[in-house]
Amino acid sequence: MWRNYLKMAWRQAFKRKGYSLLNIMGLAIGITSCLLILQYVAREWSYDDFHPKADNIYRLRLDSYQNGILAYQSATVFPAFAPTLKSEMAEVVNACRLHDAEMVITNPENNTKFSERKGYYADPPFLEMFGLKLLSGDPATALDGPDKILLSETMARKYFGRTDVLGKQLVVKDPSLFQSYEVSGVFEDYPTNSHLILDYLVSYRTLGKFIQQVWGDTTNATETNWGWYDFYTYLELHPDTRAEQFRAKLPAFVDKHINAPRRERGGSNTVNAIDILSLRDIHLHSNVNQEAEVNGSGWAVSVLFLSAFFILLIAWVNYINLATARSLERAREVGMRKVLGAGRRQLIGQFLLESFILNLSAFVLALALMQLALPLFSNLLGQQLSFSLASNPQFWLIAAGIFTVGTLLAGLYPAFVLSGFRPLAVLRGQLKNATEGMLLRKGLIVFQFAASIALVVGTAVVFQQVQYMRQQNIGVDIEQTLVLEGPNAVLDSLYGGQYQPFKNDILGIPGVKSITASAYVPGDEIYWTNGVQWMRRDGQEASSSTIYTQGIDEEFLEAYSLSLVSGRNFSQERGEEEHGCLLNETAAALLGFPSPEAALNERVTRGGDTLTVVGITKDFHHLGLQKPIEPLIFLFRPEARGYYSVKIEQAGGNLPATIAAVQKSWNAHFPDDPFSHFFLNDFFDKQYQADLLFGKVFGFFALLAILVAALGLFGLSSYNVIQRTKEIGIRKVLGASVTGIVGLLSKDFLKLVLLALLIASPLAWYVMNEWLQNFAFRINIGWWVFVLAGVLALLIAFLTVSVQSVKAALSDPVEALRYE
């Protein structure tokens with residue numbers, strides 16, 4: 001029996017090759033799109049999932065309130081939190097801290113040197129908590145004590161050409177100190193699906209030793225400080241601990257150690273709070289200050305996840321629509337088979353087998369398309385997505401689920417509809433004008449185009465927002481700016497004698513307009529913060545506010561075309577400019593000055609220093625438009641060496657030659673530092689890459705969704721023309737024009753697309769308006785976006801339907817009526 005069903009199913013597939021091809025292509029595109037998106041979503045969801053203790057590890061977040069208003073949130077906290085929480089909270093099994101360890105590292109054996117940024121000073125418990133796998137070295141002692149460094153496999157090969165390097169020495173050069181570190185172990189390369197990038201780890205006590213030697217610290221600040229918030233802090237909670245119950249205890253803990261002592265001292269308007277975030281949630285659900293890396297967006301991943309199934313549903317809807325549209329064509333077959341004794345169960349089995357064959361064919365084609373598309377998709381994402389059919393059981397489980405659900409969902413309804421025809425009515429021809437199933441088909445068409453229109457609106461809004469951010473005047477000139485990462489291997493005592501000759505050499509290079517030194521450049525997150533307070537002359541006590549600090553020389557404002565609202569720039573000739581400061585407009589307003597002019601020559605306190613305000617700069621966007629403008633205080637620091645910004649002539653110069661000349665001068669004056677550079681506009685634009693990527697992916701699959709919907713509409717319009725062939729012939733005989741017939745056959749479908757637009761518009765507006773709330777500076781969604789999406793959908797629908805409508809309208813009416 002099943003062999004007979006199989007033969008009949010194959011005959012049906014080949015009898016209507018166009019119908020079969022439309023179904024297979026639509027299903028294959030839908031399945032391919034769904035699987036590609038799920039590959040990306042699965043990777044985003046997999047971040048930090050590889051940790052053996054991921055369920056029990058949480059990171060602390062610091063919330064700072066000033067005058068009752070949330071001033072900032074930071075992924076880093078005070079160093080005293082970790083040991084104090086472990087000693088006072090029974091729920092804390094272990095705790096560890098990380099602190100950035102950017103440095104120039106040199107192998108003295110071969111003089112290999114690089115500027116390294118992806119490493120941390122780490123507490124010894126880090127190795128056990130995060131399950132770091134050591135290829136060599138003792139986990140119990142590898143981070144115990146000062147002057148020890150752990151290297152990744154890749155980094156060991158980078159410096160030594162091999163991984164058996166236990167006990168080797170590396171020289172670390174810092175502006176204040178040269179140190180020698182012992183390689184205490186090598187660990188397996190850290191997985192890339194982590195919120196941390198780990199190339200190396202330096203023992204935590206090395207940081208304490210450094211602070212003591214350079215700053216003369218005698219307070220053991222890296223253990224006891226409650227104000228220095230630069231430490232990523234992780235807690236391992238007892239497996240039986242509920243996060244909510246532990247979170248409820250934190251306010252009392254913070255009040256005891258921070259807020260209550262601060263109230264007793266008086267004069268502070270700052271209140272701190274801490275919260276915990278699961279290790280698995282950091283990548284997609286944390287976007288605060290001082291994140292270790294650029295995190296993803298949980299919202300965007302969820303939208304893509306839903307989009308994957310919307311596209312798949314559109315493909316399944318195509319199958320249902322086309323199968324039920326053929327009901328009149330197959331009605332006589334069903335009637336005859338029932339007369340000859342076929343039961344409904346047998347007919348359902350046959351139709352499900354047909355669905356199985358078409359879905360299987362589409363599934364095999366989808367796997368082939370996915371293999372071809374995955375490299376292109378990986379290139380679009382900028383990350384490598386691996387796909388191995390043989391070694392990916394999770395993929396097979398998801399694919400099998402999609403195939404099974406698709407076969408049943410797309411096959412059951414048509415099977416029940418077709419098998420339910422009454423043989424007597426069919427054979428009498430009473431089914432010709434039946435409208436059963438028409439309402440459902442129309443509803444499914446509306447769903448298809450509503451989903452497609454919503455995806456198009458979303459794509460348009462994302463690209464409009466990204467373009468808005470990229471084209472806005474950010475208040476500073478970042479064009480034609482070559483940025484050099486400052487030297488770290490020069491001692492402070494020698495720096496002045498090396499920088500000034502280097503600066504003179506750079507200014508003598510053809511094509512170079514100017515050079516300026518600063519602690520940060522636009523697009524680089526500022527970690528240097530202090531509480532700043534206005535010393536009012538009327539004796540009233542002003543509140544202290546956290547303000548971001550930028551160190552600059554006197555050329556910075558002119559180089560970046562940063563204008564002054566009031567006051568003057570720094571000047572080396574005036575002398576004692578280190579006692580002056582500049583504020584931006586936001587900082588001046590935050591400190592309580594009634595106007596930029598009123599702030600001039602007023603005094604402010606910052607970290608124990610008293611400074612005189614000499615000028616107010618116009619507000620500008622130091623970071624991307626996702627974030628509000630930060631309050632900034634500029635200090636005169638001609639010795640700043642975070643970055644050197646070299647302004648290049650706009651046109652007429654030879655850029656490669658200019659860069660080569662800059663590098664030659666660098667190598668001559670800073671031979672112990674590697675030459676590292678970038679162009680500032682590219683660097684600043686990186687802040688928008690995640691949103692731009694989301695727009696590209698979203699737009700790509702929106703187009704695929706419309707394509708799949710158009711394939712289904714093409715099939716439906718084809719059957720609509722077939723069913724109305726004789727009507728068209730009669731109308732032509734009676735004088736109907738081609739335009740009239742095309743309009744007649746198209747209008748019903750176009751009405752459905754218009755209804756889809758009315759349904760999709762408010763839903764798309766709500767979802768995209770929620771997404772825009774993530775941006776401090778954002779667009780307003782204009783009405784034209786919905787008009788554009790509607791016109792695009794109507795145009796595609798009209799062109800799709802018109803292909804068959806025009807063909808029918810131009811056909812010979814004699815052919816249609818010859819058997820009447």
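In the predicted model, Thr546 touches Gln66, Tyr72, Tyr229, Thr529, Asn530, Gly531, Leu590 and Pro631, when residues up to four places away in sequence are not counted. With Gln66, the side chain of Thr546 also forms a polar contact of 2.4 Å. Thr546 lies in strand β17, which covers residues 544-552. The relative accessibility of Thr546 is 14%, and Thr546 therefore counts as buried, since the cut-off for this class is under 20%.

A second site concerns two helices. Two packed helices are described by the angle between their axes and the distance between the axes. For helix α23 (residues 725-733) and helix α24 (residues 738-772), the axes come within 11 Å and cross at roughly 150 degrees. Because of this angle, α23 is roughly antiparallel to α24, a description that applies to angles over 145 degrees. The crossing of α23 past α24 is right-handed. On the side of α23, the contact is made by Glu727, Ile728, Arg731 and Lys732, and on the side of α24 by Ile741, Leu744 and Leu745. Of the residues in this contact, four are nonpolar and three are charged, while none is polar.

Both sites belong to a chain with 26 helices and 24 strands. The chain has 820 residues, of which 53% count as buried. Contacts between residues at least 6 apart in sequence were also examined, and 80% of these join residues at least 24 apart.

Note on methods
Residues are numbered from 1 along each chain as its sequence is written. This is a predicted model: local features need pLDDT of at least 70, side-chain atom pairs count only at pLDDT 80 or more; totals for chains, interfaces and linings use all residues. Side-chain values use heavy atoms; hydrogens and water are left out. Helices (H or I, at least four residues) and strands (E, at least two) are DSSP runs, numbered from the N terminus. Buried means under 20% relative accessible area, exposed over 50%, partly exposed in between (1.4 Å probe, protein chains only). A polar contact is a pair of N or O atoms within 3.5 Å; within protein, one must be able to donate a hydrogen and the other to accept it, and residues adjacent in sequence count only if both atoms are side-chain atoms. Contact means heavy atoms within 4.5 Å. Axes are lines fitted to C-alpha atoms, for helices over the stretch in contact, and angles run from 0 to 180 degrees between N-to-C directions. Angles under 35 degrees count as roughly parallel, over 145 as roughly antiparallel, 65 to 115 as roughly perpendicular and the rest as oblique. A crossing is left-handed if the near helix is turned anticlockwise from the far one by less than a right angle, and right-handed if clockwise. Ala, Val, Leu, Ile, Met, Phe, Trp, Tyr, Cys and Pro count as nonpolar, Asp, Glu, Lys and Arg as charged, and the others, Gly among them, as polar.
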